[in-house]
Amino acid sequence: MTTTEQTLVTLNNGVQMPALGFGVFQTAPEDTIAAVATALGDGYRLIDTAAAYGNEGEVGEAMRRSGIDRSEIYIETKLWISDYGSGKAQAGFDASLRRLGVDYVDVYLLHQPAPADFEDTITAYQVAEKMLQAGKARAIGVSNFSPDHIQRLMEAASVVPAVNQVELHPYFTNATVQAAGQTLGILTQAWSPIGGIHRYRPAGAGDADVLKNPVITDLAAKYGKTPAQVVLRWHLDEGRSALPKSVIPSRIAQNIDVFDFTLEPGELMAIDALDTGLRGGPDPELLSTRTFPKTVDNS
Ligand code: A2P
């Protein structure tokens, strides 16, 4: 598999990147180099990390060891909320570049909206805008923002986010966020795209494993693919970017082997209809440095 065979997306500032990327949320630092190396070897060229994941250094190390030219790899990372606000955001951004060992990132995101501290969120975004102008980020965007958060941001900012990375899988299709993204030209990017969040953080909603849902398993049987591949194909066929995470080589390979089939419109609608409206992750509206007192060591 080469990147040219993969689906590409064009961001609102013209930057093109692969629609399918590799996620490392909850990948332990000691597993990250091997996982990213496997992913790069399998043809992934978009790697999504975050300052708060604690593995930017290992992502950068895997990239360097791969021997693949920096210009062929798309790196996304994110600024954590404890680094929002005046003074801290620039230091947070610089620390991410330093940990990754690069002089630019491809996509730089605000990790959360931090609604209770939205002035600080805006200040952080304005720092990202400066990094965009300076060529230290090729595109900037947000993560876990609602349409209302985006509107509030746009009242103070000048660059429309290129990306909004949100929880999105068949059990939580986040339809209003997607629709707003389409209207504003913001790429919707799915974290936990195969619904892993409901497996490793059960919401108490019974059997919440999307990969066992009969709609998905029937389609997997029809196409001779795995349930995860069907769900990833659903994202691509609906025009989203998706960032599946795995540390298991066979799954890493499986999750990028999705470019040889497409789902029919009625099949996409059947998957859309699995939406429960229940997110598996935290409600971004409630997330702040007080409710989630994690910090990133930028020293
Ligand atoms: P592991 O890292 O042990 O493979 P998501 O990206 O939707 O959050 O899903 C990630 C979760 O799903 C992780 O727990 C990951 O575990 C698991 N996973 C990743 N790929 C697959 C796959 N192809 N089939 C089944 N489970 C998978």
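**Around the ligand**

Reply: Let's start with Gln254, where a polar side-chain atom lies 2.8 Å from a nitrogen atom of the ligand. Keep in mind that this is a predicted model. On its own the ligand has 570 Å² of accessible area, and the protein covers 85% of that.

As for where this happens, the ligand sits in the largest pocket. Two elements give two or more residues each to the shell around it, namely helix H7 (196-200) and helix H10 (249-256). H7 gives the most, with four residues.

Counting the whole shell, 18 residues surround the ligand, and the closest are Ser192, Lys245, Ser246, Arg251 and Gln254. Sorted by class, that shell has nine nonpolar, six polar and three charged residues.

Ser246 is worth a stop of its own. You'll find Ser246 in the loop between strand E10 (241-242) and H10. Is Ser246 buried or exposed? With a relative accessible area of 5%, Ser246 counts as buried, because the cut-off for that is under 20%. To place Ser246 against another part of the chain, take Gly196: the two are 50 residues apart in sequence, and their C-alpha atoms are 9.8 Å apart in space.

Notes: Residues numbered from 1 in each chain as written. Predicted model: local features only at pLDDT ≥ 70, side-chain atom pairs only at ≥ 80, totals over all residues. Heavy atoms only, no water. Near = heavy atom within 4 Å. Polar contact = N/O pair within 3.5 Å; in protein donor to acceptor, adjacent residues only side chain to side chain. Areas by Shrake-Rupley, 256 points an atom, 1.4 Å probe, with all protein chains shown as cover. 1 Å grid on protein atoms, 1.4 Å probe; cavity = no way out; pocket = protein on both sides within 12 Å on 5 of 7 lines; lining within 4 Å. Sits in = over half its atoms within 2 Å of the grid points. Nonpolar A, V, L, I, M, F, W, Y, C, P; charged D, E, K, R; others polar. Buried < 20%, exposed > 50% of the residue type's maximum accessible area, 1.4 Å probe, protein only.
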